[in-house]
Each structure stands twice: as structure tokens, then as C-alpha cells.
Number of protein chains: 4
Amino acid sequence: MSHRIPVGLVGVTGYTGMELARLLARHPGLELVRATSRSEAGKTLGDLYPGLGGFPIADCPVSQPDVDDLAEACALVFLAVPHGTAMDMAAALVAKGVKVVDLSADFRINSAETYAQWYGLEHRHPELLPDAVFGLPEFNAKDIVGAQLVANPGCYPTSAILGLAPALRESLVLTQGIVIDSKSGTTGSGRKPSVGALYCEVADSFRAYNLGRHRHTPEIEQELGRVAGTELTVSFNTHLLPINRGILSTSYCQLADGVGAEDVRRAYTDAYANCPWVRVLPEGKLPEVRHVRGTMFCDIGLVVDPRTGRLIVVSVIDNLCRGASGQALANANLMLEQPLDAGLDLAPLVP
Amino acid sequence: MSHRIPVGLVGVTGYTGMELARLLARHPGLELVRATSRSEAGKTLGDLYPGLGGFPIADCPVSQPDVDDLAEACALVFLAVPHGTAMDMAAALVAKGVKVVDLSADFRINSAETYAQWYGLEHRHPELLPDAVFGLPEFNAKDIVGAQLVANPGCYPTSAILGLAPALRESLVLTQGIVIDSKSGTTGSGRKPSVGALYCEVADSFRAYNLGRHRHTPEIEQELGRVAGTELTVSFNTHLLPINRGILSTSYCQLADGVGAEDVRRAYTDAYANCPWVRVLPEGKLPEVRHVRGTMFCDIGLVVDPRTGRLIVVSVIDNLCRGASGQALANANLMLEQPLDAGLDLAPLVP
Amino acid sequence: MSHRIPVGLVGVTGYTGMELARLLARHPGLELVRATSRSEAGKTLGDLYPGLGGFPIADCPVSQPDVDDLAEACALVFLAVPHGTAMDMAAALVAKGVKVVDLSADFRINSAETYAQWYGLEHRHPELLPDAVFGLPEFNAKDIVGAQLVANPGCYPTSAILGLAPALRESLVLTQGIVIDSKSGTTGSGRKPSVGALYCEVADSFRAYNLGRHRHTPEIEQELGRVAGTELTVSFNTHLLPINRGILSTSYCQLADGVGAEDVRRAYTDAYANCPWVRVLPEGKLPEVRHVRGTMFCDIGLVVDPRTGRLIVVSVIDNLCRGASGQALANANLMLEQPLDAGLDLAPLVP
Amino acid sequence: MSHRIPVGLVGVTGYTGMELARLLARHPGLELVRATSRSEAGKTLGDLYPGLGGFPIADCPVSQPDVDDLAEACALVFLAVPHGTAMDMAAALVAKGVKVVDLSADFRINSAETYAQWYGLEHRHPELLPDAVFGLPEFNAKDIVGAQLVANPGCYPTSAILGLAPALRESLVLTQGIVIDSKSGTTGSGRKPSVGALYCEVADSFRAYNLGRHRHTPEIEQELGRVAGTELTVSFNTHLLPINRGILSTSYCQLADGVGAEDVRRAYTDAYANCPWVRVLPEGKLPEVRHVRGTMFCDIGLVVDPRTGRLIVVSVIDNLCRGASGQALANANLMLEQPLDAGLDLAPLVP
């Protein structure tokens, strides 16, 4: 009989659900005992994901989501369903004492008003917002450990916040005029069929979308503002890459007077000295998406450009693993007293 | 016997040479009579490019480059060789009265000093710089018509200049603080074998390179400065896309006081009213690389972001066609009194 | 006022409709006057396909399909709708005296019984089958010229039939034991959203599908049987390539006694001596999908393998252009007394 | 101090060396103590492969290959160098009592004469051939355990042999007329720069190569002949896929009289009942490359086609992991008394 801690996954058919299944398949301390899907109930995980064939997790049945059943069977539940849907499920599970890691945006924004403004939706459980913890392990590990509800960060925000926080915390750059130009792989578009996500609409092409109005903007501003100790506005803009996984964010900031390349480098290496998943690259090196593929790493390249007085930060993550499911699992590890990197000690698949 | 005008192509084995061959294969008024390559002399174009099989151009022999022979046989010669190599060949051909379209960077920068600084190379023919015309047909058509030597613009500069010129010309944006975040397809890396350009190093990945120090920077600053009527410095930064063709540049500028979305839109539609190859997209639409594939189009999307007071311009071209060989052919059309779009009336290949 | 011949296109939102629009955009003798779509009526072609912006065809309105209107306005109508749907529309248009090129499978199979067996559908207009012409210009040009209804060949059959016909016609290979291993780009899956056609399900992967039971099988057997002068059965099997366009079919046949490489080569070069779109590659060369991209070419490589006594034929086409819309246009050219290659004199886009 | 067994890797800069580094980075029982490269000596593994940053293996220095040093430091050495080069190194190491897993073809072919014929090279150490074990763990585990020199199978042969062996062993198919149509990802072309392996020559294209004369042919015939108990000749043919990793082989055989789908299925499930890495898919399912990405799995789909009397087997592996470095590590595990799947218990990265 298994002595692993039982966990559940609500929403197993999307890419974040699929990625959680991949990671849980090899987790030594957690066991997936419930996987739910409204459309695929009755099958097994192995039916949905032939790549998991041969792993015990393949036998996990896919069932209809049922809060009572989940609460009874699971110590923690991952919510991999769209925003708007997640909030009710989270509230119900929390009420029953189950720990929840919500991969949607529903509990990331502290202000219900800001949430409503960007997501076009009234928050139905604002009472949970004060205690929801923003699940970025590098900065919030202590709060995550004791949390009952963790709001798993968005993929873009993860890359942007890790990329800019050290410079802002030490006031090495101005808080005005920050531009974040982000590029994401297509798993970020989700697995719901649409013409725009078809192979032949994405392959061998590239495009910008949602310029100036991507919903991840308030999340970035909230967390960077917290670090900077002041409210700030960023120009955050997104593009769709013809790759499966990966986000690369190129961030542009104005250097504060007198700040040089060494100050910047020291700030970043200090900030992440005890963070094995954040790799600050040596002078002259820039990160590539492939070097983090399938992993929790965030690779950061730093360029101080004296011609323009700018700091350019390039930060790279795997949007599905670090930017969603892997980070969710890291949060679960903290909440369930597992080693932080349990199930996440992965080397990138290159090429 | 052909009554088409004889032209030559020096450097037929790179991607720009290959693309010129594709376009010349169907040109009604120009005939390729010389194609040169140091490594492939003795073959025919059809041997090098099986895709041209069946077109008369396939029979064109590939020969060693020989200035006397080129000058005798050709009314105009395209130079599709690296910078540093092109300048001597251009000077020799010009001295013999042949018209030259140089696809390299050798004659793009007016100042030999700036050239030396960015290209690490003394210019050996600065005497030709004053008369070399920067070959952007939308802005310089009159000068191109009478030129003997045209410096064909770089691929990135073509996208950046077409994208930003109208806003700068009318002072709708500040000249300070401009950020140009460009992403290019891999044909831009050339056809010389290197590990970094191998399929398995590029596919399913993405990376930044040459941040703050790409050689196309002075070309962009020179031409935008000319339009703005003042010297300016831009933060120009480049990334490598896992696609064959295409550049998308996302440019960020601070709006001048009181400038609104309608001012911007009017400036762009006016500027390009008589430019069939520049398509200013309607409000709310953003360009995609695939919609210009294989063509001369530059598609421009405009976003005025009131939250940040910024104008965001997204400009897209095919780096090989519009950004190199197609533009070279447009310049040749002007220089040889051909219709501007002869051989270039192409619909994009989508998907 | 235009003196071009008016044509219509039923079903403009799929990839074959999109490709027809691309080709008609530059056709000197045909004018698209009707483009229909049940879902997109009310827009213009330029709204659907921004890549066509600037071409007059972009102004063509998209309307609901209406047989009377089509018959009144058009000399010829292309049907780019699914099999089963096309047959009624074809019958109605034919009854009104309009010429029809049907891109679906509805009139390709001579036997209504065989059609029913493979397509799981009773044929509602078997009376039209005897006069429907199989639209492969290389073999049936004379019949196409006078046809009112042309059944445009399937993409896979086009590659397989052009690849095997010369060997079978001259009995250089046995009719037993033929294996056709085909690989197609993803445009062949159509543009209707489905999980299986999403970018992230196709990219960086490869799979076989419909082994032994692809619906193009009877079409291949019918046409190759006609050429061979005897009924034959082939093992036809299909795979999905992570590329936009292109089919490569590798066909394996047993050589008849005494047949050598020269016999084979002579048969192919003779068969296609007057066919500018079929390029039989020289000894030792094999075709690549990219060399036919966007064109009507069928490139054929021939390998006689003495170790196994086999002829291996590799035939390559662009599935969307030659395998569907371009071939439909070639048929229309023949039916409307246009030059065969009007609108189709295209050089491949490489790379 | 480490109690892991010290191993060496000769040839660390190619894709097989890179993949071995990825796998060894997480191996609990083996420690990479020597990594050699003639061109990159003096760096560390982490310099070459930034993706390994943070893993202890990143600190492993890259040195010039030196047999004495390797023999002294390592219990086992992996040779990831080209055929022709490997044989001398293998002989020298074997002479010093070191265990060797040779990833090249040098010891796969039992007959030095056949080797010379296909590889165009005299074998300089035919005396080692009788004792070299063909390293396919499913069939030869017992011999591998005691071997000093293991010839690691080729990538294509691994897919073909695992795919066809059960049918041939039980005489369910004829040994005559077998066709193996294989398609491989581009890592199979190696990491040495060449025009043909550039991104822009491979992406969005597909081609056949080496038809009828690929060097993996004799290896397939040797091993399948052994299983069938008789010499046989196969038509083995290869194609290049625009993907990083993966081989899919579609194999066509004539069914013996009276053999049905159930006989076939039973033979395969029996053959691989105790082989956790071989997954025989259920009736009606076909394998996809992505489902084995980065793993040791071989997925097999079986189709009995009554129309043509054929068995069609689709077998899929990751050419780099199962087809090279992962299999090499499995062999090392057997040779060094490690658990077979140590370092290889990987779930596929999908998507």
C-alpha cells in the first residue's frame, strides 16, 4: 500500500493538466488519486495520454469533478481549469479544509476591483483574497508553507517578476518607463480547439497579440510594485512563438544614475544565491528557451547598454513547467512538507 | 533572341542570391546572364537550385566572379556577398560604368568612421559613399532612379524605418527612449554552415543575440535621424525565430503631448498612401509574419496605449524578399526603367 | 470594365479555398466574382485573408451560397466544400449549365458502389458520374477541355498516380505487391478546429494514420488500374508531417524480369516529355518537398535497387497547390480556354 | 566523497555525447569523471551545455582523449565518436581491461567483410568482433551483463528490429519482400555543421535519402535474420523529418497463410511481456513520435490489412535516447550491475 500523500487534479485535459500528470507520474511522495474532466470522465489517464503508458499513474481513472469526493480523497487539489471557473471550486474545497493550488488567475490579484477590471468578471469570493498566497517559491516560500490556498503565478509574470525584481528591489533602475516584450510558445494558448491555434496558422509564422492589454499586466505590476516599494506601471506586450514550450521576456529599464554593470550583476547573483532554479548567466551570455525545456529553471541574461543607459534583462522559462504545472507542484511540495524539488529534479531536454 | 536587359549576380550560393534567382526566374524585363560563385563555378543554377528546374534561368552557368566579364555582359550587377568583400567589387564595377545594387552593408552608412566603428573594418572606398543611395523605394525613389550605386537596406532597418518614420517625421513621438525589439527568421543568419544555425539548435527554441550592439543600429539611427531632423539613439535588439523567413519588429515610443490614436493613424495612412507595398492595418489588427511571406509587403500595426502614454508599432516584412533580394530587385527596376513591381507582384504564400 | 471570365468559389474559409484565392488574385484571365461561406458571409475576402490586402480580389464580398446567383454570375464554379456536400451543389450547377470543378471526392470514383463503401455515404447523383472527368491534366487534358464537371483529384492520388503511372503503363513493374508510403503536410487535415490539428499536437512530432483504409485508396487503384490495363490492389498508407504544405510518397514495386534502370528512366522521361510541371530528376537525385512549395510541380526521383529487385519511386507535390487548388485552376484554365499555366507560372518559395 | 562508479565519455560535442551528459546528470549510481573532445578541451561541460548549469556534472572538465588516463580513471567508457575512429579507441581500452560501450557502428556487424562493403573501410580489429555483444537489452541482456565490449545498436535498427522481431521469430510473416520505410528526426544527422543540416534547409520540408543503400541495412538484416533463423534481405529506406528527435518506421510484411490479427497481437504482447520499455499499443491505436520523446520507450502499433494480406508495423523511438545514448546507458547499467532503468526512468515530454 502506498504511503504517498493523495492529491487531486481538477481539469486534466488541458496542457497544464497534462503537464501535471507528467510530473506527478514520477513524484516520490505524492500520489494522484483523483483526476477530473467533464468531457473525458470514464476513461483513464493512460487513455488520454499514451505517453504515460507503463507508469502507475496511467491507471488513474478520470472522473466527473465532485467536491465532496475530492475533499474526502485528497490532501491537496490542483485546479487546472479556466479563471472564473476555479474560484467556486477553490472556495468549496477550502471550506472543507483541503489545501488548494489554483493554476488560474482567480486569486492572484489582491484587489477584487482590479480583477474585475482586467478579467471582466466580478469576483465571487473576495473574502479568500487576503489569505491567498502568490506562489512564487523564490520570494514567498515561507508563506506558501503555511497556506491553504496558493494562487499559482501566471506564466508571463513568472518570467517578468524573476527577471526584474532584483533590479527594482535595489532601485538600480527607474520604476518609470519599463517595457517588457514577451514571447511565448503555443502551449500558452491552451488546448481548446480554435482556428488560431491550428498548426498551419502558427507554424513558420510569428505575431504580436493583446498589446497593452494582456491580463497578466496587473499581476506583474502588483508583484513588481511590492518589490519596488511603490506603485508602478509597465508596458507589457506579448507575442506568439511557433514552438511548443517556452517564454522569453526581454525587459528594458532605465538605469538609475551611477549604476554600472557590476552593481547589476551583484544584485542578481545575491538575490538568487540560494535559489537553485534561477540561473544568472555569466557576462556576455544570453539565455535560450531550449536550455530550460521541461524544467523549473529560470535563466537570466543581463546586458547593461551604456549607449542608451539601459538595463536589458532577458529571462527565460518553460511556460508549462515553471510557468504553470511545475511551479504548482513546487508549491504543493512546500505545502505538504515534501522536498522542494521532489518530482522536479529535471535536466532540460536539449535538443 | 531576348530583349530583356542583362544583369549579373555576384554570390549566388547564399540565401540572398538564392532569393534573387527565384525572383529573376519570372522577371519579364531582366535576364540573368551571369551568376558567380567561387565555390560552385562550373555548375548551372539549376544544379544548385532544383526548385528552378524548368525555368530558363536554370540553364544559367555559374562562373568565377570576373569584373571585366561582368562589366561587359551586364547592365547592372547585384552584389550578394559579405560586407568587406562587396566594397572592392562595387568600386571596380562602378569604375567601369556598370550599375550596382549592393546587398551588403558597405555603402549604407554615410560616415566611413561610423562604419569602421561598428563593422571593425576600414572602408576602402569612402569616395563612393556620398553618391551611394540608400535604396528604400518608399522614401528615395527619385534618387534611386538616377543612381549608379545603390546601398540596399538591411533587413532589420527596413522593418524599423518603415515602422517608425511617419511618427518621427511628424514629431508625434519623442526621439528619446525609443526601443526596437526585433525578431528575425533564420535565413537572416546566412547559409554558411555553423553549429548555431543547425536545425536542431534553432528548432523549438528562441533566443536573443547581439543586444545593444547589432550592426544594423547605426543604419537605423542614420535614417530615422534624417527623417526626424535630429540625431537620435535607439535601443535596437534582436532575436532569432525558428522560422525560415520574416522579421517582426515591435517598436516602443513615448507619445508627444496631446497626440492621440487618430493623429497617429492619419500620419501613417498619409505617409504610405501611394506605397502599394506598405499596408497600414486597420485599428485593432496586428500583422503576422506569414501574411507577407515571399513578398515585398511591409505590414504595420499601430497601438496607442493610454495607460503608458506609448505608441507601439508592429512592423512585419519578409527579411529575404523585402529585407534583401526583393528590395534589391525593386531598386534595379527603378535604375533600369522597369515598372517598380516587375517580377515582384507576388501574393503571400499562406499557409 | 473587366474582360476577365467570371468565376465563383463555394467554400472560401478552408485551406483549399484560401489557396484558390491566392492563385486567383494574380490570374490574368479569370475574375473571382462570388466567394461563399455560410459562417463568414458579410465580410470581404480581404477581411478573411489580410495577406491579400492590396489585391483587387480583397474587395470580393463573401456571400451565402446561392445556386441561382452563382449560376447567373459565373461561367465556372469551384466547389471547395466537403465530400457529401459538394454533390448536390454540383448537380444543381450543372443542371443550370455552369461548369464545375469539384475539389471534393464526390465525383472521382466511377462506381457509386465503391464510393458508398469507402465514404460511408450513398451517392445522390450517380447519373453524373459517367460524364465527370478525372482532372489530372497530364493524362486527361483533352477530356477536361470539353468537360462540364471535373472531379479534381485528391492530393495523395495526384502524387501516387503521377509517380507510378509510367512504370505500370509499360509493365516495368508487377501490379501485385505495390506499397505506397505517403507523408503529408498538415494543411491536408483541413482548417476545421480539432485537438489533433493544434500546433502543439503536431509540431516536433510525426505519426501514421488510417493505415490500410484511407479513402484515397480506391481513387489510386482506379486510376492506376486504368493505366495498367488491369485491376490492382495497393497498400496505401498515410502519415502526418509537421509542415504546412507538401506530400512525399515513397512507392515500392517489384521490377518485372529483365527491367533495368535505363528502361525505367526512359519510360518516365518519355511519359513526361511534354509535361512542364512534372520534373523527372536526374540519376542519383531525390526530390524534396520544399522544391515544389507553392507550385504545380511534381518532382519524381527514381531508384532501381538491384539488391531487392525493386523500383522505388519518390514523388513530391505541394498538396494544397498541385494536390488541390492549383490543379483545380489548371482544370479551369483548360475548360475556359485559358493558357494551361495562367496564374500558375510560379517558382517555389525556397526556403 | 562519491561512491558512484566512475565512467568516461569520449566525444562529448555531438548530439549523442550531449544526450549522454543529460542522462548522466541525474544518474544515481554512475559519475562522469572524464569527458573528452579534441576541439573543446579546456572548458567544462557546463560551458558547452548551459542547460546543465546547476547540476554537479556541469563542473566536469573537458579534456583531450587519452587512453591511459581514461583507463585509469574509469570503470567504463562510452565512445560517442564516428565509426572508423571508435574501433582503435575501443581496442586500446579493452586491452587495458576497461569496459566499453561503443555508440558507433564499428562492432555491430559480425562480419568484417560486410562491414568493409557497407562502410568502405577495412576493419582494423576484427579479432574483437566475436566477443562484441549487440546491445539490445530486450533480446541480449544476459550477454550484455558479462560483456566487456558492447556494440550499441543503430537508431534505425533499434526501431526496425524491435518492430519486426516477434513476427519473424514466430514465422507469422514471410521473410521475402519486407519493406521498412523509416523517417528520422534531424539529430540523426549529427552536429557537424553542413549546409544540408541548417535550419532553413530542413524546416518546413521533407526528403528521402540513401534509398536502398543506408549503412544500417546490414545491421537490420543480421539481427532480423538471426531471429528468423534464416538469411533475409530487406528494402530499408530512410527519410529526414523536420523534428529534433524521433524515428518512426513503417514496416510492411506479407502475412503467412492463415495468420490473423489475433495471432500477431499475441506474439507481440508475449514477446514484450517483461519489457517495460516496449509498449504494444491496443488494437486501433498507432504510435506518435512525441509519446516517446526523451525516453527509452519503443511504441509499436500493429495493423493487419486483409485487403492486401499484409502486416503493417509502426514502431517509434526517440533516436537520440533509445536509439543511441539512453540505450548505451542501459547497456552500461547492465554491465555495471546497476538497475536497468537507473537514470532512465523518464516520462516523455509532451508536448
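For chain A, an unreviewed UniProt entry lists residues 6-147 as "domain: Semialdehyde dehydrogenase NAD-binding". UniProt positions are in the numbering used here, feature names are shortened, and annotations may be inferred rather than shown by experiment. In the model, that span of chain A is 35% helix and 17% strand, and its end C-alpha atoms lie 18 Å apart. Helices (H or I, at least four residues) and strands (E, at least two) are DSSP runs, numbered from the N terminus.

Some conventions. This is a predicted model, where local features need pLDDT of at least 70, side-chain atom pairs count only at pLDDT 80 or more, and totals for chains, interfaces and linings use all residues. Residues are numbered from 1 along each chain as its sequence is written, chains are lettered from A and ligands numbered from 1 in the order in which they are written, and side-chain values use heavy atoms, with hydrogens and water left out.

Now the sheet in chain B. Its 7 strands form an open sheet with mixed pairing, in the order E9-E10-E8-E11-E14-E13-E12. Two strands pair if DSSP finds at least two bridges between them. Strand E9 (207-209) and strand E12 (278-280) of chain B each have a single partner strand, so they are the edges, and one side of each has no neighbour in the sheet. On average, neighbouring strands of this sheet are turned by 20 degrees against each other, direction ignored. Axes are lines fitted to C-alpha atoms, for helices over the stretch in contact, and angles run from 0 to 180 degrees between N-to-C directions.

Within that sheet, E11 (residues 247-254) and E14 (residues 310-317) of chain B are antiparallel partners over 8 bridges. One bridge joins B:Leu248 to B:Val316 in E14(B). Helix H10 (residues 261-271) of chain B packs on the sheet and touches E12, E13 (298-305) and E14 of chain B, its direction making about 165 degrees with that of E13(B). Contact means heavy atoms within 4.5 Å.

Next, a helix pair. H6 (residues 137-146) and H11 (residues 321-335) of chain B pack with axes 9 Å apart, at an angle of about 40 degrees. H6(B) is therefore oblique to H11(B); angles under 35 degrees count as roughly parallel, over 145 as roughly antiparallel, 65 to 115 as roughly perpendicular and the rest as oblique. The residues of H6(B) that meet H11(B) include B:Ala141 and B:Ile144, and those on the H11(B) side include B:Ala330 and B:Leu334.

In chain D, an open sheet of 7 strands has the order E9-E10-E8-E11-E14-E13-E12, with mixed pairing. Strands E8 (residues 178-184) and E10 (residues 234-240) of chain D pair in the parallel sense over 7 bridges. There, D:Ile180 stands opposite D:Phe236 in E10(D).
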